[in-house]
Amino acid sequence: MTASTTPITPDSVGDRALVFRGATILTLDDSGTVLDDADLLVVGERIEAVGPQLAVPDGTIEIDARGGIVMPGMIDTHRHMWQTAMRGYGADWTLTQYFVWYYLEHGKIFRPEDVYAGNILGALEALDAGVTTTADWSHGLITPQHADAAIDALEDTPGRFVFGYGNLHAGPWEWATSPEFKDLHARRLHGKGDMLGFQIAFDVTGDKDFPEKAAFEVARELGAPVTTHAGVWGATSDEGIHLMHDHGFMTPETVYVHSASLEHDSYQRIAATGGSVSVATESEQSAGQGYPPTWVLRAHDIPVSLSMDTSVWWSADLFSAMRSTLGADRSRMHLEAHAQEETVTHSHLRAEHVVRWATRGGSQALGLDHAVGSLEPGKKADVVLIKNDRSPAMFPILNPYGHVAFQAQRADVHTVLVNGRVVKSEHELVGVDLDKARRAVDESVEYLRSTLGEDAWQQGMNPDIPESTVLDNPYTYTDHRDASTHDRVGDQV
């Protein structure tokens, strides 16, 4: 056996097995098994065994995991990766300002190379934070060339991805039915297996003519799940859910993003048809889609996964997502109780629940639960070791779920494996070209900044909203407005 004290690289591993020794292991299996002072053996792409004092093949590389937590790779079910090069730019935006900047003004100037830059940086930052699978909600695909660039970036990095094709500048009934879209699917996405999955990403306006029906029919023809922003205040409403349900397009594979401002009837329809909700709590808290909905999703027994939405605003890791989700859910629980002059004596949402949402919830939502999401023999080896001997916040570990949800940070991610391949070791990304990503991002930012001009660039961080004009709702990719939607959009802008 070879003990590792320096960063392990894919080249140094070769075809040898890997074993994590002496860890607290959160298996996230159906029984929620937690093992103390246990080992996890990886052979090739798969987990070979989990348990104490495992016997391993000759030449196995040993990773000292004592004092650390081994858990499944985290899974983000909704991230607009193409926007990552603009990291932090919109930190003070409202959702309306996001609409103005990306949908009405400047999103249309993004070139394929800008989409590539955002995607490759987004892919690497996900891996660095222990997010081994990311659903790329790629709604900036103005042309097939933009889509090719987005996929190129995903394939240039060693993560696991689900590519959600979308185009915020046209109706889905237009682009989803085009020969170019079907050609791209055949060329780049069909038959890629569990390393590159596929979704169709679009929203439903609530237009009674239901123009989105054509896109749902294409998804059905291709056998592709649909992911959609639902229950976004002032943008997507219960009418969209009703149309999907009445036409038979709500399925167990459908992922509803946010779902923060729906009526109980809509939640009941999601529950009855087996769909799941991707909750992006930092986004819902800050942008205004509605109150983060886990409290109501739990009441309807709707499956939950977690996401971070976009680096334009928020932190790009699921530690923040778990922490903010616990805070929002518990805050709502106390608020509701206090309104009834009652006191909450036990937290209903526990740390274990959000850790499960960040792992198993994602694998189930994305149709990948057969492959990833838990640490069980035979599953693909997407594995994260959280350990930091230099951090006083990393000991003692008394409640491992609580430690992951409230104490750990990106810097505490020691080792990351995706499909059995080492992508982070000793707190460093390995086997990736970070300099290439930096060059691509620098070139993209320079292009965008020079194209906008310095005044517009600075103003874009807090863009003006037209005061006398009621904007058409660009988030729904159409000019449709009925009376109720008109009023809400008018109020928003």
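In which strand is H258 found? This is a predicted model, and in it H258 belongs to strand β12, which covers residues 255–258. The backbone of H258 deserves a look. Its phi is near 75°, a positive value in a residue that is not glycine. Most residues other than glycine have a negative phi.

At the N-terminal end, α12 is capped by D317. A side-chain oxygen of D317 lies 3.0 Å from the backbone nitrogen of F319. α12 is followed by E341, where phi is positive, near 55°.

Most peptide bonds are trans.

Helix α3 (residues 112–128) and helix α16 (residues 434–452) have axes that come within 9 Å and cross at roughly 140°. Angles over 145 degrees would count as roughly antiparallel, and α3 and α16 are therefore oblique to each other. The crossing of α3 past α16 is left-handed. On the α3 side, the residues that meet α16 are D114, Y116, A117, I120, L121 and L124. On the α16 side they are L434, K436, A437, A440, V441, S444, Y447 and L448. By class, this contact of α3 with α16 divides into 11 nonpolar residues, one polar and two charged. An α-helix has 3.6 residues a turn, so residues three or four places apart point the same way.

Helix α8 (residues 238–246) packs with helix α9 (residues 264–273) at an angle of about 35°. The axes of α8 and α9 are 9 Å apart, and their crossing is left-handed. From α8, the contact takes in D238, I241, H242, H245 and D246. From α9 come D265, S266, R269, I270 and T273. The contact of α8 with α9 has two nonpolar residues, with four polar and four charged ones beside them in the count.

The remaining pair is helix α6 (residues 179–189) and helix α7 (residues 213–222). Their axes come within 13 Å and cross at roughly 25°. Angles under 35 degrees count as roughly parallel, and α6 and α7 are therefore roughly parallel to each other. The crossing of α6 and α7 is right-handed. F181, K182 and H185 of α6 make the contact with V218, E221 and L222 of α7. Sorted by class, the contact of α6 with α7 holds three nonpolar residues, one polar and two charged.

Conventions: Residues numbered from 1 in each chain as written. Predicted model: local features only at pLDDT ≥ 70, side-chain atom pairs only at ≥ 80, totals over all residues. Heavy atoms only, no water. Polar contact = N/O pair within 3.5 Å; in protein donor to acceptor, adjacent residues only side chain to side chain. Helix = DSSP H or I, 4+ residues; strand = E, 2+ residues; numbered from the N terminus. Axes fitted to C-alpha atoms, helices over the stretch in contact; angles between N-to-C directions. Parallel < 35°, antiparallel > 145°, perpendicular 65-115°, else oblique. Left-handed = near helix turned anticlockwise from the far one by under 90°. Contact = heavy atoms within 4.5 Å. Nonpolar A, V, L, I, M, F, W, Y, C, P; charged D, E, K, R; others polar.
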